[in-house]
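I am opening a notebook on this structure. The entries below record what I looked up, in the order I looked.

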Amino acid sequence: MDEPCIVEIRVTGHLADRWSDWFEGLAIRNEPNGDTILGGPLADQAALLGVLNKIHALNLTLISVNRSSSEK
């Protein structure tokens, strides 16, 4: 994954929209069930690893990571 892709990362708990910049500009969508979805484009695998490290640093529980090519 050295090319841009679209990711959807699901974590437990709600996050405020102000965290979006810290998470590489990913959109934050709080779900009614208490989960948060971070979604949007990332430049490469290094950017994804950076986001996952930030999730770890906040001690958030990672539920899933899904990606798709940014090319249609």
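I call a residue buried when its relative accessible area is under 20%, and exposed when that area is over 50%. With that cut-off I find that buried residues make up 32% of the 72 residues in the chain. I keep in mind that this is a predicted model.

**Entry: overall layout**

I looked up the elements and found one helix and four strands in the chain. Reading along the sequence, I get the pattern β-β-β-α-β.

I then looked at size. The C-alpha trace spans about 30 × 25 × 20 Å along its principal axes. A compact globule with 72 residues would have a radius of gyration near 11 Å; I find 12 Å for the chain, which agrees.

I also looked up contacts and surface. Of the contacts with a separation of 6 or more, 60% are between residues 24 or more positions apart. The chain exposes about 4500 Å², and carbon and sulfur atoms supply 50% of that area.

**Entry: helix H1**

Does the length of H1 agree or disagree with its number of residues? I took residues 45-57, which are 13 residues; at 1.5 Å a residue they should span 18 Å, and the end C-alpha atoms are 18 Å apart, so the two agree.

Next I asked which residues of H1 are buried. They are Ala47, Leu48, Val51, Lys54 and Ile55. These residues cover an arc of only 120° around the axis, so they sit on the same side of H1. The general rule behind such a pattern is that an α-helix has 3.6 residues a turn, so residues three or four places apart point the same way. On the face turned away from the buried side of H1, I noted the exposed residues Ala46, His56 and Ala57.

Asp44 caps the N-terminal end, with a side-chain oxygen 3.2 Å from the backbone nitrogen of Ala46. After H1 comes Asn59, whose phi is positive, near 60°.

**Entry: Asp35**

I looked up Asp35, which lies in strand E3, residues 35-42. Is Asp35 buried or exposed? Its relative accessible area is 12%, and the cut-off for buried is under 20%, so Asp35 counts as buried.

What does the side chain of Asp35 make a polar contact with? I found the side chain of Arg10, at 3.4 Å. Leaving aside neighbours within four places in sequence, I listed the residues in contact with Asp35: Arg10, Val11, Thr12, Gly13, His14, Arg29, Asn30 and Ile63.

Note on methods
Residues numbered from 1 in each chain as written. Predicted model: local features only at pLDDT ≥ 70, side-chain atom pairs only at ≥ 80, totals over all residues. Heavy atoms only, no water. Helix = DSSP H or I, 4+ residues; strand = E, 2+ residues; numbered from the N terminus. Expected span 1.5 Å × (residues − 1). Buried < 20%, exposed > 50% of the residue type's maximum accessible area, 1.4 Å probe, protein only. Arc of directions from axis to C-beta. Polar contact = N/O pair within 3.5 Å; in protein donor to acceptor, adjacent residues only side chain to side chain. Rg over C-alpha atoms; globule rule 2.2 N^0.38 Å. Contact = heavy atoms within 4.5 Å. Areas by Shrake-Rupley, 256 points an atom, 1.4 Å probe, with all protein chains shown as cover.
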